[in-house]
Amino acid sequence: MTLMIMLPLLLCFGFLVMFFGQVALVGGLQPSLLVSEDKQKLPAGNQTVTASSSWFADVPALSPIEVFQLSVTYNADPNPNKVNLGAGVYRTEEGKPWILPVVKEAVKLLSADPAVNFEYVPMLGLEAFTTAATRLLLGADSPALRDGRAFGVQGIAGTGSLRIAADFLATVVPNLTKVAYISRPGWDNHRLLFTRAGFTEIREYRYWHAAECALDIAGMLEDLGGAPERSAVIFHACAHNPTVSSVASAFSTSCSPEATER
């Protein structure tokens, strides 16, 4: 029995593995995984399998994302006084990752808890986690929570969660305009996420007033005021990337309800 994988992707234990070549799984008690870049005959037990040239040979290389390329450049820089201001993470005085004490304590509690067995979680994630996170985000007295109009879905960090939201909006929600708004400046990966999900137009709304080093509330409201109905708008709830500002507090202190109606 021979099983040919036409698209050489393997999803195993949460990791996606791509083999740059033709992949063949040859039957038997101990199947062989054959990968080759050149056209040649590869023996597999008492059978012979032909492997073609790589299917990925003509895939163009994309430009690196600036913030990740900055980290690569930083690591390669021999200057002992270098400082990495790219990724928004906590660091020690030596530039090493600093793990918050509360995170370390949480890891200890989870490791010692016999009820934590690393079983598969439900489709929407660990309910205790998503419920607590949603309540923390919206507030325990939120009308949306009280009326059953809000719930959480667990994802892999911010990017993975946003991709779930983009896919859901683009493929499930009816009559969506397929227009998404991202902040300027912002995390440009958001543009790619929503484009790949199926949104046909990505627009920017003003977020930061560089001359005043402050939120551009007037520009933001003007840009979003002209957004088509049923558009998707990506807000950073807090610690906006890259300005580290909070739009929520600015709205609550400087905007009338009429200004933020839409």
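## Close-up views of a predicted model

View 1. Once neighbours within four places in sequence are set aside, the contacts of Ser-183 are with Tyr-205, Tyr-207 and His-240. Arg-203 lies 20 residues from Ser-183 in sequence, and the C-alpha atoms of the two residues are 8.5 Å apart in space.

**View 2. Helix α6 and the elements against which its buried residues pack.** The buried residues of α6, which spans 189-197, are Asn-189, His-190, Leu-193, Phe-194 and Ala-197. Around the helix axis they cover an arc of only 130°, and so they sit on the same side of α6. Gly-198 follows α6 and has a positive phi, near 120°.

View 3. Helix α5 comprises the 15 residues 157-171, and the distance from its first C-alpha to its last is 22 Å, close to the 21 Å expected at 1.5 Å a residue. Its buried residues are Leu-162, Ala-166 and Ala-170. Viewed down the axis of α5, these residues fall within an arc of 65°, so they line one face of the helix. An α-helix has 3.6 residues a turn, so residues three or four places apart point the same way. The buried residues of α5 pack against α6, while the face turned away from the buried side carries Ala-157 and Thr-171, both exposed.

**View 4. A nonpolar surface patch that includes Val-103 of helix α2.** The patch has an area of about 670 Å² and is made by Tyr-90, Trp-98, Ile-99, Leu-100, Val-102, Val-103 and Val-107. Among these residues, Val-103 is found in helix α2, which covers residues 101-112. The relative accessible area of Val-103 is 39%, so this residue is partly exposed; that value also meets the requirement for patch residues of over 30% relative accessible area.

Key. Residues numbered from 1 in each chain as written. Predicted model: local features only at pLDDT ≥ 70, side-chain atom pairs only at ≥ 80, totals over all residues. Heavy atoms only, no water. Helix = DSSP H or I, 4+ residues; strand = E, 2+ residues; numbered from the N terminus. Expected span 1.5 Å × (residues − 1). Buried < 20%, exposed > 50% of the residue type's maximum accessible area, 1.4 Å probe, protein only. Arc of directions from axis to C-beta. Contact = heavy atoms within 4.5 Å. Patch = residues over 30% accessible without salt bridge, like charges linked within 9 Å, V, L, I, M, F, W, Y side chains within 5 Å. Areas by Shrake-Rupley, 256 points an atom, 1.4 Å probe, with all protein chains shown as cover. Salt bridge = Lys/Arg side-chain N within 4 Å of Asp/Glu carboxyl O.
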